[in-house]
2 protein chains.
Amino acid sequence: VEFRNEITKSQITAFRRTILELADEARETIRSFAHKNLLVDTKSDGSLVTQVDLAIEERLREIILIRYPDHGIMGEELPPIAPGAEFQWILDPIDGTEEFIRGLPFFGTIIALHFRGAPIVSVIDHRAFDLRCSAGFRLGTFCNDNKVTLASYRFKSPSPRGGENIIIPALADFVKYRDDADKFYRITRSFTNHRIFRTCYGHTCAVTGMCDAGLEYDVGPWDLAATRLLIEETGGKFSVFRQERIPQVGVVSGAAFGNPTVVQEILSALC
Amino acid sequence: VEFRNEITKSQITAFRRTILELADEARETIRSFAHKNLLVDTKSDGSLVTQVDLAIEERLREIILIRYPDHGIMGEELPPIAPGAEFQWILDPIDGTEEFIRGLPFFGTIIALHFRGAPIVSVIDHRAFDLRCSAGFRLGTFCNDNKVTLASYRFKSPSPRGGENIIIPALADFVKYRDDADKFYRITRSFTNHRIFRTCYGHTCAVTGMCDAGLEYDVGPWDLAATRLLIEETGGKFSVFRQERIPQVGVVSGAAFGNPTVVQEILSALC
């Protein structure tokens, strides 16, 4: 039984309108900081954060709290609000803060609305590329204003076995909480035509067919919050292959997503 | 003795004007094929080529032959002209044909003029990013119209040891002509914060300071033709660490480039 069917199409359409407005606000906030000196902090996990990350998350929370006072919010930079609520907004204001600071264009804003743990609407927005992937449950996936499906990809996926173009995490992600370097080596050996971006731009590549599939390893809930719906609404496969609770960090997950055949090959290569 | 001092500054300035015109022509040719169906061929080495690659190389050769009838030309897609000439134009019309076909923006046009084997002027042009790095010997390196030097980088390189942001080749490049997978594993272990683009966009990142350094492994002369000058004119280091003649292919090289400290660390990690 798909419990998301309780939510009507017009509700989903309204949520989608909101999430696109939130993505617009995120872009506008980033724009307002352009050419300013960024204050960069290092978080307890070693990752970077700037005042832009915080400004975006504060602005998005403000809007959500006014419109949906009974919804929960969990964001990467601030403590959760109403963690028991059925509707949860999940925010990563800037995924790829290191890229953002360095001027690499691959950073993205991730926003999703989940209902009892399953995604209803979601967006990954890349301001530097003027590129936005958004999805609504049963509404499809859009890249800017174009509907995208697995069948519509310009480059028919997947590439021949051995030549698949997949986006993988850096070794850093496989050795962050445990030494799973062997998994990295197994994946790279199995798919030698890989690329590494280290941001949600890799998810966008899998959503749009610019690559055949993508993979994340031991990332937080924000990182994957938008991707499942974006992929599933294209007809692609999203598969969580590992989950673990890390003390002081929370639950981290590994997932593969994109062309179903290639996702299956990735899962086989990992075991 | 620096034999390139034989070439006057005004000659170099004139060559630079030409090379920027050639880069404009390459962009214009790419633009003229936008939204057309691409014919994709697989070359004998398994890499891809389209009619756009060929159209660019033909157009650039035409212009060079009219202006400099005694210069040599070597391009990735067509046979060399006057291989014994002192001046050699080196062309890679589309580096990253796979990205170009798939709609990934990282492809680039590489053009260089070498004098007795050493670079005089060079350019890497990324049409999809409206981003062009160009250099002239003793003229400096420019990113679009801004002069770039190691000291001018927004993000002061290098990052702390262990956190360096480096661009590396995919495993495919380490196992193309021999199994040098151990080198890939050594580099990834030594620099876990790596990214993989598989095109000259990685060189651009090293030139502009968007990353600390880059690395190529067993690539052809086209791939590296522009990079040495672009890097050296910023004050960075470009170091060829291996060369080999592969039958039916030609000479392939490995090189590291970017922040001098990080380049030195890369060379140490490889041995």
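**Entry 1. Helices H5 and H9 of chain A**

H5 covers residues 181–190 of chain A and H9 residues 260–270, and they pack at about 135° with their axes 9 Å apart. Helices here are DSSP runs (H or I, at least four residues), numbered from the N terminus. Axes are lines fitted to C-alpha atoms over the stretch in contact, with angles from 0 to 180 degrees between N-to-C directions.

I then listed the contact (heavy atoms within 4.5 Å). H5(A) gives Lys183(A), Arg186(A), Ile187(A) and Ser190(A), and H9(A) gives Ile266(A), Ala269(A) and Leu270(A). I sorted these residues into four nonpolar, one polar and two charged. Nonpolar means Ala, Val, Leu, Ile, Met, Phe, Trp, Tyr, Cys and Pro, charged means Asp, Glu, Lys and Arg, and polar means the others, Gly among them.

**Entry 2. Helices H1 and H2 of chain A**

I looked next at H1 (residues 9–32) and H2 (residues 51–67) of chain A, whose axes come within 9 Å and cross at roughly 150°. That makes H1(A) roughly antiparallel to H2(A). On the H1(A) side I found residues including Leu22(A), Glu25(A) and Ile30(A), which belong to the set that meets residues of H2(A), among them Ile56(A), Arg59(A) and Ile63(A). The residues of this contact divide into nine nonpolar, two polar and four charged.

**Entry 3. The two chains**

I superposed chain B on chain A: a rotation of 180° with 0.0 Å of shift along its axis does it, at RMSD 0.0 Å. That is the relation of a two-fold axis. Ile196(B) is the residue of chain B closest to the rotation axis, at 2.3 Å (C-alpha).

I counted 37 residues of chain B in contact with 37 residues of chain A. The copies meet through the same surface, because 100% of the interface residues of chain B are also interface residues in chain A. About 3200 Å² is buried between the chains, and carbon and sulfur atoms give 54% of that. Buried area is the accessible area (1.4 Å probe) that two parts lose on being put together, summed over both. In chain B, Arg102(B), Arg189(B) and Arg195(B) lose the most area to chain A, together 21% of what that side buries.

**Entry 4. Conventions**

Residues are numbered from 1 along each chain as its sequence is written, and chains are lettered from A in the order in which they are written. In this predicted model local features need pLDDT of at least 70 and side-chain atom pairs 80 or more, while totals for chains, interfaces and linings use all residues, and side-chain values use heavy atoms, without hydrogens and water.

Definitions and conventions. Copies are superposed by least squares on the C-alpha atoms of residues with pLDDT of at least 70 in both. Helices (H or I, at least four residues) and strands (E, at least two) are DSSP runs, numbered from the N terminus. Angles under 35 degrees count as roughly parallel, over 145 as roughly antiparallel, 65 to 115 as roughly perpendicular and the rest as oblique.
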